[in-house]
Amino acid sequence: MGREARRRRASIECRAVYSNRLPIAKMAAAVVALAAVISAVMLSINWDGAEDSTAAPKIDNLLNIMIVLSSIIFAIVVVALGYALFKFRAKPGDESDGEPIHGNTRLEITWTIIPTIIVLFSGGWSWKVLNEIEERNGHELTVDVFSQQYAWSFGYPGKEYAYSQGVLHVPVNRQIVFKMHSQDVIHSFWVPQWRIKKDNVPGITTTAVVTPTKTGTYQLICTELCGFGHSSMRAKVIIQSEKAYDKWVEGLTEKVPTPLMVSVKQDTETNPEPLERVDAE
Ligand SMILES: [Cu+2]
C-alpha cells in the first residue's frame with residue numbers, strides 16, 4: 001500500500017472510531033454536570049479569608065473565573081478519558097496491538113484554538129484587574145519597605161523618613177504605594193487579607209499598591225523562601241484612622257538608617273514617577 005493510501009485509510013479509520021460513534025451530546029452533558037459540581041464545591045470554599053483591601057474582591061473574582069475555567073477543562077479531560085478507558089478497553093484475551101492512528105486535523109485545530117482563546121481571555125482579564133489595582137488616585141501615601149534576612153522595617157517618606165522596625169502602620173481607606181527594597185536575597189511582601197503579594201528583589205525597587213479598607217491588626221508575611229529564618233520573617237501591620245496614623249508616625253524617633261537610604265535613592269529605573277519625598281541629606 002502506498003504512503004498516501006495508508007494515510008487516507010488511517011484517517012478514515014480514525015474518523016470512524018473517534019467522530020462518528022462519539023455520543024457527543026451525552027459527553028457534553030456529562031462535562032457540563034461535572035464542571036458545575038466541581039465549580040460549586042470549589043467556589044464554596046473561602047480560599048483567602050477576609051477581603052480587606054479594594055483589590056481583594058477583584059482578585060477573588062478573578063480567582064473564581066479561573067476556578068470555573070479550570071473546572072470546565074478538567075471536566076472535558078476526565079469525561080474524554082473516562083469514555084476512552086471504558087469504550088476502548090481491551091477485550092479479555094486480546095493481546096493485539098492498538099489501531100494505527102494517523103491523527104485528526106479537525107480535532108487538533110479545535111484543541112489548539114480553544115485553549116488559545118482561554119489563555120488570551122484570562123490574560124486579558126488579569127491585565128484589566130492589575131491595571132485597576134495599580135492605578136494611582138493622585139492622593140497616595142508612599143511607604144518604603146526594607147527586607148533583609150529575616151526582618152522587615154519601614155520608612156515613611158512623607159514624615160521625614162521616620163523609621164519603624166517589625167511594625168508597619170498605615171491609614172485606612174488611603175491608597176498606599178509600597179516601595180520595596182531588599183537588602184540581601186529575594187523576599188516577598190504579603191498581607192493575605194489584602195491579597196497583594198510582591199517580590200522584593202535586591203538591586204531594584206518593586207512597587208505594590210494597596211488601599212486597605214478595614215482597620216485592625218494584620219500580619220505581613222514573607223512568602224519567598226529566603227533562608228533558615230524565613231518562616232519567622234513577619235511583621236505586625238496596624239491599619240488605623242489617618243489621625244491615629246499621623247500621631248503614631250510623629251511619635252517615631254528613629255530615621256531610616258543611611259545604608260537603607262542608599263537603596264531608596266536607587267529607586268529610579270523601575271519607578272520613574274516623582275515621589276513626594278525628602279532627600280536623605
Ligand atoms: Cu522569606
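Reader: Which strands does helix α5 lie across, and at what angle to β4 does α5 run?
Author: Helix α5, residues 242-250, lies across β4 and β10 (234-240), and α5 runs at about 140° to β4. Helices (H or I, at least four residues) and strands (E, at least two) are DSSP runs numbered from the N terminus. Axes are lines fitted to C-alpha atoms, for helices over the stretch in contact, and the angles run from 0 to 180 degrees between N-to-C directions. Contact here means heavy atoms within 4.5 Å.

Reader: What should I know about the model itself before I read on?
Author: This is a predicted model, in which local features need pLDDT of at least 70 and side-chain atom pairs count only at pLDDT 80 or more, while totals for chains, interfaces and linings use all residues. Residues are numbered from 1 along each chain as its sequence is written, and side-chain values use heavy atoms, with hydrogens and water left out.

Reader: What is the strand order in the open sheet of 5 strands?
Author: The order is β4-β10-β9-β6-β7, with mixed pairing, where two strands pair if DSSP finds at least two bridges between them. At the edges are β4 (167-171) and β7 (197-200), each of which pairs on one side only. From one strand to the next, the twist averages 25°.

Reader: How many bridges join β6 to β9?
Author: There are 2 bridges between β6 (residues 187-190) and β9 (residues 216-222), and these strands run antiparallel. In that part of the sheet, Trp190 stands opposite Ile221 of β9.

Reader: Turning to β5, how many of its residues are buried?
Author: In β5 (residues 176-182), 7 of 7 residues are buried, so the strand is mostly covered; buried means under 20% relative accessible area, exposed over 50% and partly exposed in between, with a 1.4 Å probe and protein chains only. Ile176, Phe178, Met180 and Ser182 point one way and Val177, Lys179 and His181 the other, and all of these are buried.

Reader: Which strands do bridges join to β5?
Author: β1 (residues 141-148) is joined to β5 by 7 bridges and runs parallel to it, with Thr142 having Val177 as its bridge partner. β8 (residues 206-210) is joined to β5 by 5 bridges and runs antiparallel, and there the partner of Lys179 is Thr207.

Reader: And which residues of helix α6 are buried?
Author: In α6, residues 258-265, the buried ones are Leu260, Met261, Ser263 and Val264. They cover an arc of only 155° around the axis, so they sit on the same side of α6; the arc is that of the directions from the helix axis to the C-beta atoms. These buried residues pack against β1, β2 (151-156), β3 (162-165) and β5, whereas the face turned away from the buried side carries the exposed residues Thr258 and Pro259.

Reader: New topic: which protein donors does the copper ion have?
Author: They are Cys222 (SG), Glu224 (O), Cys226 (SG) and His230 (ND1), at 2.0 to 2.6 Å from the copper ion. Donors are N, O and S atoms within 2.8 Å of the metal (3.2 Å for Na, K and Ca), and water is not among the atoms, so sites may look incomplete. The spacing of the donor residues in sequence is C-x1-E-x1-C-x3-H, and both Cys222 and Cys226 are buried.

Reader: Why is the site of the copper ion classed as irregular?
Author: The angles among its 4 donor atoms span 83 to 127°, and four donors count as tetrahedral only if all angles lie between 85 and 135 degrees. Four count as square planar and six as octahedral if opposite donors are over 155 degrees apart and all others between 65 and 115, and anything else is irregular.

Reader: Where are Glu160 and Arg195, and is each one buried or exposed?
Author: Glu160 is in the loop between β2 and β3 and is exposed, at 54% relative accessible area. Arg195 is in the loop between β6 and β7 and counts as buried, at 8% relative accessibility.
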